[in-house]
Amino acid sequence: MIRLNETQISKKTQFISKYMSNMNAADSSKMDANANVSLKNISTLESEIHKDINIQVNRHLVKNKIEQLFGRELADEYERQIESHEIYVHDETSLKPYCVSISMYPFLLDGMTKMGGESRAPKNLPAFCGSFVNLVFAISAQFAGAIATVEFLTYFDHFARHDFGDDYLQTHSKQIEGFFQQVVYSVNQPAAARGYQSVFWNISIYDQYYFESLFEGFVFPDGDKPNWQTLSALQKCFMKWFNKEREKALLTFPVVTVAMLTENNRVRCREYSQFCATELSEGNSFFIYLSDTADSLASCCRLRNEITRTDFSYSLGAGGLQQAAYM
């Protein structure tokens, strides 16, 4: 066990006293005040008290790696530039990787069992929504940044059709909005494993051409295939519901990105470009990702993840679709 000296212990206890007496969590944070932390309690204190140590450990590990790859001179220059504020190291206080974009297909096969949980593969919409919330919390506990589930609405549509039929938005609209509420409000709650911050959660919405490029040949474990007509209606329903719901509560997540294919510098699917324009004119807020080919996805503000090759770029959240699920 590493023993702190009396001075170090005294400084930590003083930090606790000062943290308790400050007005809010931002004033109490010495290392990286975070706008996503609005409350000040024992959970936020525990996440703050060791950040100065984590920074030193992280910086030492990176410096050692730079020295190993490029030599001591560059490693020393890296540290000098940080301390001189010439460069900024994002989230240096966390030992975890930053963002991640996952494929949810293993979740359809094994539920939470491969992650140490007890929930097996979901078989209906209530089970899917409940287990999905657990999945997001379990994975986000292992990352400092966002978790992107780019297939969420595609899988939601699959279970909704299974339970209620293809016209579920007409026959069970209230139930569908109830499941939207369950997932969105659950994910926006503070998480103990993230220092009492909410989970950072991103989803994708597609126009018809992007959908067909990504999901052509995709097969669910029960043999069902994605249905563009019902998914398109669900995506529009979610966008409108989410925009309206934000009038009732400050719902930060999910961060929504609309992916649309382009041709000759124009969006190919005029219906979705007009839909997005209308939504923006009505105050909705979302990202738009335009691409000539569906070889990648953008899952949040600065994340572009390659899905046709195996490029490794963890700091950008590489990954996100289960290629083996395509036939």
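Helices (H or I, at least four residues) and strands (E, at least two) are taken here as DSSP runs, numbered from the N terminus, and two strands count as paired if DSSP finds at least two bridges between them. The model is a predicted one, in which local features need pLDDT of at least 70 and side-chain atom pairs count only at pLDDT 80 or more, while totals for chains, interfaces and linings use all residues. Residues are numbered from 1 along each chain as its sequence is written, and side-chain values use heavy atoms, with hydrogens and water left out.

The chain holds 13 helices and ten strands. Of its 327 residues, 45% count as buried, where buried means under 20% relative accessible area, exposed over 50% and partly exposed in between (1.4 Å probe, protein chains only). The accessible surface of the chain, from the Shrake-Rupley method with a 1.4 Å probe and, for residues, with only the protein chains shown as cover, comes to about 17500 Å², and carbon and sulfur atoms supply 52% of that surface. With contact defined as heavy atoms within 4.5 Å, residues 24 or more positions apart make up 66% of the contacts in the chain that have a separation of 6 or more.

Eight of its nine residues are buried, so β6 is largely enclosed by the rest of the structure. Five bridges link β5 to β6 in parallel, with asparagine 202 opposite valine 255 in β6. Another parallel pairing, also of five bridges, joins β6 to strand β8 (residues 287-291); here valine 258 faces isoleucine 288 in β8. The pairing of β6 with strand β7 (residues 266-267) is antiparallel and spans two bridges, and threonine 262 stands opposite valine 267 in β7.

The hairpin of β6 and β7 has two residues between its strands, and asparagine 264 takes a positive phi near 55° there. Asparagine 264 counts as exposed, at 69% relative accessibility. Histidine 85, in the loop between α5 (72-83) and β1 (100-101), also has a positive phi, near 60°, in a residue other than glycine. At 72% relative accessibility, histidine 85 is exposed.

Phenylalanine 128, leaving aside neighbours within four places in sequence, is in contact with Met104, Phe107, Pro122, Phe152, Tyr155, Phe156 and Phe159.

Rings of Phe, Tyr and Trp (its six-membered ring) pair if their centres lie within 6.5 Å, with planes under 30 degrees apart called stacked, over 60 edge-to-face and the rest tilted. A search of the whole structure gives 27 aromatic pairs. One of them is the tilted pair of phenylalanine 132 and tryptophan 201, at 5.6 Å centre to centre and 55° between the planes. Phenylalanine 132 lies in helix α7 (residues 125-140) and tryptophan 201 in strand β5 (residues 201-206), so this pair ties together parts that are 69 residues apart in sequence. Phenylalanine 132 is buried at a relative accessible area of 0%, and tryptophan 201 is buried at 0%. Phenylalanine 156 and phenylalanine 180 form a tilted pair with 5.3 Å between centres and 35° between planes. This pair connects helix α8 (residues 152-164) with helix α10 (residues 173-187), and so ties together parts 24 residues apart in sequence.

Charged side chains also meet rings, a charge sitting over a ring if NZ of Lys or CZ of Arg is within 6 Å of the ring centre and within 35 degrees of the ring normal. Lysine 236 lies over the face of phenylalanine 275, 5.7 Å from the ring centre, and the charged end of arginine 268 sits over the ring of tyrosine 209, at 4.0 Å from its centre.
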